[in-house]
Amino acid sequence: MIRFFALLLAAMLLIPCTVSAQGLFALARLDPERSAIVDRSEGLDLVLTISQPVPYRVQTLADPPRLVLDFREVDFDRLRPGDLGFSEAVQSVRHGTVQAGWSRLVLDLAGHYAVDSAGMETDAGDGSARIEVRLSRTDPTTFAARSGSDRSQAFPRETESNRPARRRLGEDEKLTVVIDPGHGGIDPGAVRDGVHEAELVLTFARDLREALLRAEGFEVAMTRDVDEFVSLEARIDVARRAGGEVFLSLHADAVVEGIARGAQVYTLSEEASSRASAKLAEGHDRADLLAGVDLTDQDDEVARVLMSIARTETSPRTEALADALVTGFRDAGVRLHKRPREQAGFSVLKSPDIPSALIELGFMSSPGELEKLQDPAWRRSAVEAIVAGLTAWAEDDRARAALRRQ
């Protein structure tokens with residue numbers, strides 16, 4: 001299993017109620033007939049069957065002891081009292097929405113039971129997913145030490161000022177694009193002839209923002225608009241708070257070996273598509289260490305969810321986005337790298353529910369490329385190519401939205 005990166009899921013007390021799934025896209029539905037609570041001599045097992053795999057998290061909370069499961073859009077409306085059976089270890093079962101797009105299931109425990117294991121398996125026959133959580137009795141001290149906090153990483157409460165934009169199906173819909181100029185501050189990125197990558201991509205990002213706003217079909221947020229350091233985790237957080245529907249990270253790297261020219265578009269993969277892309281991702285992620293940011297604990301140790309499962313909906317949209325961007329470059333006559341589509345494990349692309357791509361605009365290690373990256377005329381062509389690619393992708397994605405909702 002590959003651990004889920006930065007889901008931003010956390011513990012907060014769910015008010016006891018049965019909330020309608022209205023407002024959720026309901027990517028998955030619970031099947032009560034194939035779900036149950038099973039007592040064991042030293043604990044209990046929770047078995048849930050849902051119509052398709054979705055990102056989820058499991059944890060326990062203390063005072064009072066609870067088992068909490070958070071899901072990306074699961075419809076629990078079919079769940080009725082007693083549907084999961086009865087257990088001496090479970091006092092009650094509750095469900096509801098924790099914030100728009102996220103649903104929660106809570107088991108109020110009659111004692112202290114720690115999570116031994118949690119996993120999801122898919123049924124190749126009908127595409128459903130089976131989640132099994134095993135808990136064993138433990139002492140109060142151990143339970144408290146292994147449990148989360150109601151307030152430590154709570155979901156932000158939505159207000160009129162911070163409510164994320166939600167996808168609509170109308171013709172006047174605007175797509176919220178988050179532009180991420182790479183590097184910044186104490187991390188200048190690649191440096192050639194006194195020119196910093198961080199400055200080049202920030203200039204390009206500002207041009208791209210203006211072009212998207214002029215196109216009138218987009219809303220734009222930027223992870224940084226000045227020369228400052230922004231951690232990888234913070235960049236993803238900015239995208240979420242902005243209600244981002246597309247995340248584009250801009251770079252213009254330098255290669256140590258060989259010669260590289262032309263634009264490339266990267267998508268996330270745990271296994272890089274080439275040795276060069278693996279080294280590039282390693283260098284990008286290592287930049288966070290310049291500011292003393294340790295990424296080693298960012299993987300969620302509690303929610304052990306397969307990355308492929310987490311991206312059931314997002315992954316094909318991301319691949320289509322990357323293809324559209326490459327097509328936009330090609331149609332605009334912007335030079336492409338000999339391998340225009342690559343994959344690598346860039347941490348900044350690991351948001352599970354936002355289609356994300358990293359664009360290498362060019363390579364500063366080549367004098368001709370460096371000159372090109374500083375040319376306003378070339379920037380205009382490249383910016384127009386990205387706008388065209390995003391527009392084409394948005395139109396196609398909107399056309400497929402109704403199918404995804406089903």
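Before the first stop, here is how the elements get their names: helices (H or I, at least four residues) and strands (E, at least two) are DSSP runs, numbered from the N terminus. Keep in mind, too, that this is a predicted model.

With those labels in hand, select Glu 216. You'll find it in the loop between H2 and strand S14, which covers residues 218-222. Is Glu 216 buried or exposed? Its relative accessible area is 61%, so Glu 216 is exposed.

Now hop to His 183, in the loop between strand S11 (175-181) and strand S12 (191-192). Here phi is near 65°, again a positive value in a residue that isn't glycine. His 183 has 8% relative accessibility, so it counts as buried.

Next up, the aromatic rings. How many aromatic pairs does the structure hold? There are three. Start by showing the side chains of Tyr 56 and Phe 71. Their ring centres are 6.3 Å apart and their planes sit at 20°; planes under 30 degrees apart count as stacked, so this pair is stacked. Tyr 56 belongs to strand S4 (residues 56-61) and Phe 71 to strand S5 (residues 66-72), so the pair ties together parts that are 15 residues apart in sequence. Tyr 56 counts as buried, at 1% relative accessibility. Phe 71 is buried as well, with a relative accessible area of 1%.

Let's move to another pair: select Phe 204 and Trp 378. The centres of these rings are 6.3 Å apart, but the planes make an angle of 45°, so the pair is tilted. Phe 204 lies in helix H2 (residues 197-215) and Trp 378 in helix H8 (residues 376-405), so this contact ties together parts that are 174 residues apart in sequence. Phe 204 counts as buried at 1% relative accessibility. Trp 378 has a relative accessible area of 12% and is buried too.

What do Tyr 56, Phe 71 and Phe 76 form? Together they make one aromatic cluster.

One last stop: zoom in on Pro 64, in the loop between S4 and S5. Look at the peptide bond joining Asp 63 and Pro 64: it is cis, with omega about 0°.

Key
Residues are numbered from 1 along each chain as its sequence is written. This is a predicted model: local features need pLDDT of at least 70, side-chain atom pairs count only at pLDDT 80 or more; totals for chains, interfaces and linings use all residues. Side-chain values use heavy atoms; hydrogens and water are left out. Rings of Phe, Tyr and Trp (its six-membered ring) pair if their centres lie within 6.5 Å; planes under 30 degrees apart count as stacked, over 60 as edge-to-face and the rest as tilted. Buried means under 20% relative accessible area, exposed over 50%, partly exposed in between (1.4 Å probe, protein chains only).
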